[in-house]
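Hi,

Here is the structure I said I would pass on.

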Amino acid sequence: MDGYAEAIEERWIELKFPGAVTNLHFVRRADATPGAEPVLVLVDDDVEATIAALKAGGVEIITEPQEAPWQPGRTVAEFRDSEGNHMVIGSQ
């Protein structure tokens, strides 16, 4: 693999929205297999209610809402989207 091809493998796209806390960060995947690691983190004011609604709709919940070990006071939960990708939802 030449230097240019190696550089392409390490590239990403990041979208920042003016005046928003939200950033989207896209990285290249090796294939279309659903990721074991989270591929998207969503922020929500009521993580517990959102997870309850997802669960009621048949969504696979990986972890129930709990305090984030890396940030005390922040609630996080994990679920799989319709394609099997690992997603995270967390409070601000």
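Before anything else, a cut-off that comes up a lot below: a residue is called buried under 20% relative accessible area, exposed over 50%, and partly exposed in between. Take Glu60 as a worked case: its relative accessible area is 47%, so Glu60 counts as partly exposed.

Keep in mind that this is a predicted model. The mean pLDDT of the protein chain is 81, and 84% of the residues reach 70 or more. The stretch to be careful with is residues 1-7, where pLDDT stays under 50 and the model has 2 contacts beyond four places in sequence. Where pLDDT is low, the predicted coordinates should not be read in detail.

Now the overall layout. The protein chain has 2 helices and 6 strands, and along the sequence they come in the pattern α-β-β-β-α-β-β-β. Of the 92 residues in the chain, 21% are buried. The accessible surface comes to about 6800 Å², with 56% of it belonging to carbon and sulfur atoms. If you take the contacts between residues at least 6 apart in sequence, 37% of them join residues at least 24 apart.

On to the inside. Which residues make up the largest nonpolar core? There are 7 of them: Val47, Ile51, Ile61, Ala77, Phe79, Met87 and Ile89. Helix α2 and strands β5 and β6 (86-90) each supply at least two residues of this core. As background, nonpolar side chains in soluble globular proteins tend to be buried together.

Next, the charged pairs. The structure holds 2 salt bridges. One joins Glu64 and Lys55, whose closest N and O atoms are 2.6 Å apart.

Arg80, at 25% relative accessibility, is partly exposed. Leaving aside neighbours within four places in sequence, Glu60 is in contact with Phe79 as well as Arg80. Glu60 and Asp81 are 21 residues apart in sequence, yet their C-alpha atoms are 7.8 Å apart in space.

Ile13 is in strand β1 (residues 12-16), and Phe26 is in strand β2 (residues 23-27). Are these two exposed or partly exposed? At 52% relative accessibility Ile13 counts as exposed, while Phe26 at 43% counts as partly exposed. Ile13 and Arg28 are 15 residues apart along the chain, with 9.1 Å between their C-alpha atoms.

Asp44 is in the loop between β3 and α2, and at 21% relative accessible area Asp44 counts as partly exposed. Where does Asp44 make its contacts? Beyond four places in sequence, Asp44 touches Thr50, Ile89, Gly90, Ser91 and Gln92. The C-alpha atoms of Asp44 and Ser91 are separated by 5.2 Å, although the two are 47 residues apart along the chain.

Ala32 lies in the loop between β2 and β3 (40-43). With 79% relative accessibility, Ala32 counts as exposed. Ala32 and Glu83 are 51 residues apart along the chain, and their C-alpha atoms are separated by 9.9 Å.

Cheers

How values were computed:
Residues numbered from 1 in each chain as written. Predicted model: local features only at pLDDT ≥ 70, side-chain atom pairs only at ≥ 80, totals over all residues. Heavy atoms only, no water. Helix = DSSP H or I, 4+ residues; strand = E, 2+ residues; numbered from the N terminus. Buried < 20%, exposed > 50% of the residue type's maximum accessible area, 1.4 Å probe, protein only. Contact = heavy atoms within 4.5 Å. Areas by Shrake-Rupley, 256 points an atom, 1.4 Å probe, with all protein chains shown as cover. Salt bridge = Lys/Arg side-chain N within 4 Å of Asp/Glu carboxyl O. Core = buried A, V, L, I, M, F, W, Y, C linked by side-chain atoms within 4.5 Å. pLDDT = per-residue confidence, 0-100.
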